[in-house]
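Subject: Structure handover

Hello,

Here is the structure I promised to pass on.

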Amino acid sequence: MDKPEPNRTRDRELGMGRAITRRDFLNGIAVGAGSTLASAWLPGLTLAAETPAFPQDAPGYNPPALSGMRGSHPGSFEVAHELRDGKFWETAGKPVDTHEIYDLIVVGAGMSGLAAAYFYRKQAGPSARILILDNHDDFGGHAKRNEFRPGGRLLLANGGTVAIESPFPYSPEARGLLTELGIDPPALEKKGVDREVYHGLGASYFFDKETFGVDCLVAGVPGGPGSSPSSGTRAWPEFLAKTPLSADAQRDIARIQEERVDYMPGVAQAEKKARLSRMSYKDFLLNVVKVHPDVIPFYQTRTHGLYGIGIDAVPALDCWAINFPGFQGLDLDRVPSKGLTFTALGEVTPQERYHFHFPDGNASIARMLVRSLISGSIPGNTAEDIVTAKVEYSRLDRGDSPTRMRLSSTAVRVRHIGDPASAKEVEVIYGREKKAYSVRGRGVVMACWNMAIPYLCNELPGKQKEALHYGVKVPLVYTVVAIKNWTSFHKLGIRGASCPGMYHSSLNLDQSVNIGDYQCSHSPEEPILVRMLRTPCLPGLPARDQQRAGHYELLATPFEDFERSIRDQLERVLGAGGFDPARDINAITVNRWPHGYAYEYNPLWDPDWPPGQRPCDIARQRHGRITIANSDAAAAAYTDQAIDQGYRAVQELLS
């Protein structure tokens, strides 16, 4: 089907033609409004006498300040796709031998890769020679940083992973790493999270006309942030009466939210949990609670933030564990039990609870690791000063540093020099600036994502390759919009909105965090960042197939389409509060992750493997001097798990 032509009149109303901060990377080079570096990097232009060999060495290089399409940005994935399609070697030619030999080469500068380098140096000594390669223009993997400066004021957002907390307590190794870096999340939460900024602002739902028949914003979600004490059992009926939902849907949602009914009378608790683990939350609502089908669109995307898929593909037992409604009367004890996913199992495991993130998410952790690994790369020495510290990218790949980092460098081949059982070195070939280069290492940690590894390490056993291909990463979009003020939110009395039928399923004002010299927005008249979430999936299919469909969609969607949908959604949700997208938007950054977070095993779709026989267990096995470390290796997309896998991979190498 041909794509419909844009409505130009509507585009003008939305401000599609207005100048905003939009700086994109094209093949690793900054282009567009606000770029001051492109002239020094683009081929065919007059170059300065001492032009740096690579972009990261250029003065002023600062990828976090780029907006437009980020995450898996143009220039970060083309080499990998050419390798997958068998075209890379046709154009790259014979690799250039750098004659470099390292004690350790790390493929991937995400949390696992940086942690692996940290643990290796800690055990092997500060003089150990380490090279870190990454295909992106910045380090951190999914722990990316977005910088905005509306009116000259620094505002920060996470471009990917945001949360430090994990479903389970941190391991001694992961906790020890944070402690050595100076990160104490509970203490930082007490010190820096300002809970008064959004006082009086609550949660809301936006019902769109395409899904629900009319555009309608309804504030005051019972029990949501900023909500007033409920008026007995009438809280939900009163809220729902303001919505465009059918009478049947209103009745059944109120029943789900407020009533205590045992929908499995006479069934033992263990059997209740077993049944819930084998049905989706959607099936639970339709077939057990017996709600009207009009109820489903209201809940469909509520699981997107944790799972990247809707309630049609998430087990009902998981939804019970994460405190979804409808289970109040089943009287299930909150103890760990079989049938829960990693995330849900953690939710019923007691541990210290805190809710803190750095203003740039876990990018600050990545920055602290780089600061520890590469002397002079980032000034300061505390968790407070890292937030506003400036990275000296030109110092990341200096010959006088034992640890070096090479950005925009995509590994294309990793193989032992000789028999893997007895080889002393591993050759790593990477693509950079349309050329291939080779380096050697006495050990290699593959800290990229699992599915890419079989294309890079052809010598791996077939069973291991098959296991590496099993997990399908969750596609994600973290959109960040810098707006001139948040008076529209204030007038509407909302901090954010769930938008279950719209392109982005939610939008929210940024968490209010003050840390070091960084100050959040405190007044509705001040600039602020709005975070929006999209997890593209195809309801009705098995989870992995839904995620594959999301991969294709994200890579095929141009920035213009994202921008149009963002402007349209913000106007429709916030327009009654006076928001004008043509006037009030300063900048848009779309953090696109077609291959986002690690696949978490799901009892609806995956077998119950014997201990040690899960695909991730087989996939992460050491192969000679090559080990594997990433969140895929844990089948859990959490920071502590990524760190743990980095630790394990290093122990395997050093053993």
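V428 has its bridge partner in β14: V439. Strand β13 (residues 426-432) and strand β14 (residues 435-441) run antiparallel, and seven bridges join them. Strands here are DSSP runs of E with at least two residues, helices are runs of H or I with at least four, and both are numbered from the N terminus. Two strands pair if DSSP finds at least two bridges between them.

A word on the source. This is a predicted model: local features need pLDDT of at least 70, side-chain atom pairs count only at pLDDT 80 or more, and totals for chains, interfaces and linings use all residues. Residues are numbered from 1 along each chain as its sequence is written, and side-chain values use heavy atoms, with hydrogens and water left out.

Back to the sheet. It is open, has four strands and runs in the order β4-β14-β13-β12, with mixed pairing. At its edges lie β4 (96-102) and β12 (410-416), each pairing on one side only. On average, neighbouring strands of this sheet are turned by 20 degrees against each other, direction ignored (axes are lines fitted to C-alpha atoms, for helices over the stretch in contact, and angles run from 0 to 180 degrees between N-to-C directions).

Next, the aromatic rings. The structure holds 31 aromatic pairs. Rings of Phe, Tyr and Trp (its six-membered ring) pair if their centres lie within 6.5 Å; planes under 30 degrees apart count as stacked, over 60 as edge-to-face and the rest as tilted. F88 and W89 make an edge-to-face pair, 4.9 Å centre to centre with 80 degrees between the planes. F88 is buried, at a relative accessible area of 4%. W89 has 30% relative accessibility, so it counts as partly exposed. The cut-offs: buried is under 20% relative accessible area, exposed is over 50%, and partly exposed is in between (1.4 Å probe, protein chains only).

Y281 and F324 are edge-to-face too, because their ring centres are 5.4 Å apart and their planes stand at 75 degrees. This pair links distant parts of the chain, 43 residues apart: Y281 is in helix α12 (residues 281-288), and F324 is in the loop between α15 (316-321) and α16 (342-347). Both Y281 and F324 are buried. They belong to one aromatic cluster, whose members include W236, Y263 and F298.

Two arginines sit over rings. The charged end of R334 is over the ring of W320, 5.2 Å from its centre. The charged end of R544 is over the ring of Y470, 3.9 Å from its centre. The test asks for NZ of Lys or CZ of Arg within 6 Å of the ring centre and within 35 degrees of the ring normal.

Now helix α11 (residues 269-277). Which of its residues are buried? They are K272, K273, L276 and S277. These residues cover an arc of only 130 degrees around the axis, so they lie on the same side of α11 (the arc is that of the directions from the helix axis to the C-beta atoms). The buried residues of α11 pack against α12 and α15.

Last, two single residues. H304 lies in helix α14 (residues 304-307) and counts as buried, at 9% relative accessibility. Leaving aside neighbours within four places in sequence, H304 is in contact (heavy atoms within 4.5 Å) with I309, G310, S505, L533, T535 and C537. I588 belongs to strand β20 (residues 585-597) and is buried, with a relative accessible area of 0%.

Best wishes
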